[in-house]
Amino acid sequence: MPPAWKYAATLIFLLVVLLYRFNLKLRTPLSAFLVHEDISRFQLSPSSHTLRSEAIRIYNLSLEEEVLSPNGVQKTVFTINGLYPGPTIEARSGDLLVTSSRFVSLNGPSQCLCPVARPQLPNQGHNSQDGASGVTQCPIQPGSNFTYHIHLSSDQYGTFWYHSHQSTQLADGLFGALIIHPPDRLAEESRTHQDELRSERIRRHRRATELSNVLDQIMLIGDWYHRSGKEVSEWYQSLRSHGNEPVPDAILNNGQQAFNCSKSIAQIVCDSRQGRTPVFNLHLQHKNIIRFINPGSLAEIHLSLDSHLLRVVEADGTQIQPVVVKELSIAPGQRYAVEVIRVGNDQTCEFWLRQRVDYEDFKYPNVALDLESKSIMTYGCRRGSRLPRTHNWSALKADERLDPLSLQPLDHLARLLPLADNVVMMYVTTMIRTATGNKPFGYVNQTTWKPNLTNPVLARSDFASSSKELIVPLDVSNTSISPASVVLDIIVNNLEDGPHPFHLHGHHFWPLYTYKAAMGAGSYKWDQPPTLPTAAPALRDTFVIPAKGHAIFRARFDTPGMWLFHCHVLVHLHSGMAMIFDVLSDRIPIEDRKNAADSCS
């Protein structure tokens, strides 16, 4: 009698023949019937969260320094639980997210203050959990740990990320993705009648099937320096830079990329065999969702996928009316979720994802930087080391590129735009002054921010603006909308010849208008105000202020606390381009102030 394994092998062989002969399609990939697949850590599991109840999600994050070669070039990198980028955190609306961050010093006491890993979340409710060094807490010291308790609101979901807000650690890899899945509203209420219960079970099964037919994955695409963030920042704030922002050396996708070692003119330890072109799978029968996150330090990246359209469905955690484009641009700190839609019916099954940067965005050349780095997208047909032969979209029209100002919220009720209670005018720039040793510093209204790392603003009983901390108080004395919130128009004038992606902590804002001057400064003119929209655009938390121009944002401040507003270009933030909104300070919970003070003990 033949052994049992022979019967099993015969059965599998017949199954494969039948599927091939009659072109049958399985809801689950055939490979799942044959072997247990190793699911990528950048692929998400929406069904594991959308269909469950609210819960406490606990993550223990161990932060270390390791020598890695992400693109073949050796560098000391921050890892989280041994991973770069850090592990993906998944939760659902209504969860209590508890993250404990502990820094492990490998070589004795660290000379630098250690990281604060913060999630980029709006309206999280407790200011002390924001993780901004010098604002809401002191940095985590070597060998110690800090635990964050973040209550996710019942209606908050989308694509976010967590990262260090201490010094330049972001440029050395201290970040990861944070995805909040929406709950299944049909499963919220229990049914007592048997027919209703059975119907509910059918709907839940149908919903689970829909979720299993979605391939949902993350791409953290950002620039990368071969030098440490500390070295990059020190070069920028030296006489050698002449105020020019350091040009990156590479663009990485999920911490990977191939690099030609011969292109670098700097002293590096490089082995091209350790770098590789990132490869991602797509599914022919499933909906393919990609969540793009830019964790970079400087470069805006222009993304396109050969022979595919990008159906944009989310921006910075806001669900939007879908927009179909061929290319989208993503600045540091921004996130977009897209559905990729294949165009044409040819037999090609491997395509280039193009990650383009423009040299016009930089002030000097870097021969090491590939202006169009690439990743490989495959429909499961990858064999060996051959490369795709697809071509990029040519001669793109304006309406084939994403216009971020045109995005509309998916929820029709979210299109109501409140009137502003007040206006704040800002001027942002970098300047080289003799008073600062002829070194470049970032400024907001003539103030260059220098965080107090031993006495954060939230912990103080008395605080006021100074030359090192611009603090704008917001109270409800003159509001016309709600006694529990302040609606503010923020006009930001960019006085220099480079763009600034500005990010607001703790809140979203409505981007109402941007202007870029063909000549001159492009500042806002009170006597020639632009016409602003009357319906609310999609809410954002990070938006680009054009070079030699200005932007108008409207924000509803409804969470008491000290909230940072800053440029997401790392050397600009580190050199002072930031300020603080003091929101309803008389309503800040005593617990928040105590937590801020305790972080320094």
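**Disulfides and a sheet**

Cys 270 is partly exposed, with a relative accessible area of 25%; buried means under 20% relative accessible area, exposed over 50%, and partly exposed in between (1.4 Å probe, protein chains only). This is a predicted model, in which local features need pLDDT of at least 70 and side-chain atom pairs count only at pLDDT 80 or more, while totals for chains, interfaces and linings use all residues. Residues are numbered from 1 along each chain as its sequence is written, and side-chain values use heavy atoms, with hydrogens and water left out.

Cys 270 forms a disulfide with Cys 261, the sulfur atoms being 1.9 Å apart; a disulfide is a pair of cysteine sulfur atoms within 2.5 Å. The S-S torsion of Cys 261 and Cys 270 is about -70°, so this link is left-handed. By the distance rule there are three disulfides.

Another disulfide joins Cys 138 to Cys 600, with 1.9 Å between the sulfur atoms. Its S-S torsion is about 85°, so it is right-handed. Cys 138 is buried at 5% relative accessible area, whereas Cys 600 is partly exposed at 30%.

Cys 349 and Cys 381 are also joined, S to S 1.7 Å, and both are buried. With the bonded cysteines numbered in sequence order, the pairing is 1-6, 2-3, 4-5.

Turning to the sheet, four strands form an open sheet in the order E2-E1-E4-E6, with mixed pairing. Strands (E, at least two residues) are DSSP runs numbered from the N terminus, and two strands pair if DSSP finds at least two bridges between them. Strand E4 (residues 96-103) pairs with E6 in the antiparallel sense over seven bridges.
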